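Student: I am new to this structure and would like a close look at a single part, the place where the two chains meet. Please take me through that part in one connected answer.

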Amino acid sequence: MKAIVSVIGLDMPGIVAAVSGVLAQHKVNITDISQSYAQEFFTMIMVVDFETSNSTLKEVDQDLKEAGETIGVFISIQHEDVFRAMHRI
Amino acid sequence: MSFTPEEVVETKLMIKDQGLDVRTITMGINLLDCSDPDLDRMKQKIETKIISIAKDLSQVASSIEDDYGIPVINRRIIVTPISFLLGNLATIQEISIDDIQKLNDPLHRKSDLVELQISSEAINDCVNIAKSLDNAAKKVNVDFLGGFSALVHKGFTRADLCVIKSLPDVLSSTERVCSSINVATTRSGMNMNAVKMMGEIICKIAMKTQHHNSIGCAKLVVFANAVEDNPFMAGGFHGVGEAESCINVGVSGPGVVRNVVKSQKEVDFETLADLIKKTAFKITRIGQLVAQEASKRLSVPFGIVDLSLAPTTRPFDSVAGILEDMGIETTGGPGSTAALALLTDAVKKGGLMASSYVGGLSGAFIPVSEDKIMTDAVRKKILTIEKLEAMTSVCSVGLDMICIPGSTPSSSISGIIADEASIGMINNKTTGVRIIPVIGKEIGEDVEFGGLLGKSIIMPIKESSCKTFIDRLGRIPAPIHSQKN
């Protein structure tokens with residue numbers, strides 16, 4: 001299963017480290033990463049793969065949200081199918 | 001990267017800030033095979049069937065929530081209109097066929113009609129069945145079960161009459177059972193006997209639940225052209241043309257549409273309609289995704305996606321708010337009907353592109369008590385029942401969650417039902433009335449229902465009697481365009 005991690009907020013040092021730390025803990029593999037500004041927000045987006053992981057999306061999401069709160073940005077993860085359904089015909 | 005940052009951020013903000021959710025996963029269950037002359041056996045069959053088919057519904061809905069990160073607010077069940085099951089019960093077979101034939105005969109002299117006697121045993125049997133439905137709903141952990149219904153647009157069966165007459169007891173003694181009565185169709189015309197009866201029944205339900213702001217009436221919808229696959233409550237039932245069982249999903253998202261409209265204050269109508277269409281497309285695709293997944297996990301066929309902008313009491317989640325962001329100062333003022341027409345049509349067009357099986361009511365709901373901005377418009381005396389009635393001719397449902405003084409005569413309630421059903425009958429669309437005469441409250445007083453049903457205010461209705469009109473009885477003939485064959 002593939003999922004999209006998104007970080008929305010202010011750019012600052014340590015964001016990639018925080019996100020990749022959580023993902024590494026859950027053995028989730030990062031396959032793509034990009035950073036840019038969208039709708040006036042700093043955004044970092046990662047495509048990740050759960051093939052090597054035993055965790056559920058909800059568990060990873062909770063840990064990412066906590067990590068985000070610690071550094072003051074909004075981090076979440078969502079199933080890739082949600083974006084595919086909404087943005088691809 | 002498979003998605004652009006703009007796309008990812010748009011989706012995230014819809015869920016995080018704009019209240020995008022799946023409003024309901026509703027399982028339709030056929031109960032026709034549960035009919036039985038023995039009451040206890042029928043109750044057993046009903047409970048067993050509902051529980052066996054829907055036992056995993058709530059847990060599957062939660063697992064989809066977890067796996068996809070889309071909130072699924074309600075889990076619900078709709079069943080075959082219950083009147084279809086009851087005809088074999090001994091207590092109902094005792095009702096005189098002759099009397100009911102006269103009541104149904106459009107050529108019979110109305111002055112000869114006598115009040116039909118239905119025994120308290122027959123009413124008790126209906127209440128018992130409703131309690132079984134309530135039990136089953138509690139056991140499978142769904143918040144509402146719809147389908148304690150009867151379709152009487154052309155006339156009554158004995159069971160239909162019992163279902164209707166039992167409503168005051170049923171809706172006051174059960175928690176989760178919802179009811180709907182179809183009194184008119186474009187094809188058959190309007191059963192004015194039923195319209196008169198429903199006015200009286202609504203008053204009785206209000207009295208029976210007077211200690212809870214007459215809330216029993218909030219669990220009943222009187223329809224014209226009721227649809228067979230509506231996943232929303234209180235008017236949902238599993239039509240007899242439906243399959244054994246199916247999954248219908250109701251998607252919402254007034255907050256998402258409102259956000260788009262709000263950010264585009266200056267655009268012309270073409271652009272506005274186009275933006276709403278695209279947004280509705282995206283929302284419906286999420287519904288389609290969730291419906292497919294729920295259907296797969298439950299091994300129950302996919303039915304329809306209903307894209308209805310259904311407001312909640314959250315301030316951003318408001319249909320009236322969309323109209324006001326379009327440029328209407330207060331909902332109910334001049335321009336409101338046109339704004340709602342544009343909104344409903346654009347929502348339908350976007351939704352139809354997103355799923356081949358769009359059904360239910362699909363459009364925009366305008367339930368007064370559930371939409372805070374709408375309640376505010378009533379408070380400002382700009383939004384009235386008459387304007388709401390006009391607005392329902394261009395949106396999906398009807399007069400929804402309207403509170404009126406408890407002292408309103410039943411004939412006036414019947415008049416309101418007849419007016420609203422006429423709009424549905426003549427315009428070939430679904431309309432419904434969910435009206436609550438709140439006992440002990442007068443115009444302008446606040447009414448607190450709590451939860452999803454929200455808070456409302458007693459609306460004024462015009463003081464002019466239609467009793468002589470309603471007392472004519474009989475059936476209003478079907479409109480000319482019913483003859484399509």
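Tutor: Start with one pair of side chains: K58(A) and D66(B) form a salt bridge, with 3.4 Å from N to O. The model is a predicted one, and side-chain atom pairs count only at pLDDT 80 or more. Between chain A and chain B the count of salt bridges is two. Polar contacts across this interface come to 11 residue pairs, with both residues at pLDDT 80 or more.

On the side of chain A that touches chain B, the elements giving two or more residues are the strands β1 (2-9), β2 (29-38), β3 (41-49) and β4 (74-79), together with the helices α2 (57-71) and α3 (80-87). K58(A), the chain A partner in the salt bridge with D66(B), has a number that falls in the range of α2 (57-71) of chain A. The element that gives the most to this side is α3(A), with eight residues. By class, the residues on this side of chain A are 16 nonpolar, nine polar and six charged.

Taken as a whole, the contact draws 31 residues from chain A and 28 residues from chain B. The two chains bury about 2700 Å² between them, and 69% of that area lies on carbon and sulfur atoms. To sum up the part you asked about: the interface of chain A and chain B has two salt bridges and 11 residue pairs in polar contact, and on the chain A side α3(A) contributes eight residues.

Key:
Residues numbered from 1 in each chain as written. Chains lettered and ligands numbered in written order. Predicted model: local features only at pLDDT ≥ 70, side-chain atom pairs only at ≥ 80, totals over all residues. Heavy atoms only, no water. Contact = heavy atoms within 4.5 Å. Buried area = accessible area lost by both parts, 1.4 Å probe. Salt bridge = Lys/Arg side-chain N within 4 Å of Asp/Glu carboxyl O. Polar contact = N/O pair within 3.5 Å; in protein donor to acceptor, adjacent residues only side chain to side chain. Helix = DSSP H or I, 4+ residues; strand = E, 2+ residues; numbered from the N terminus. Nonpolar A, V, L, I, M, F, W, Y, C, P; charged D, E, K, R; others polar.
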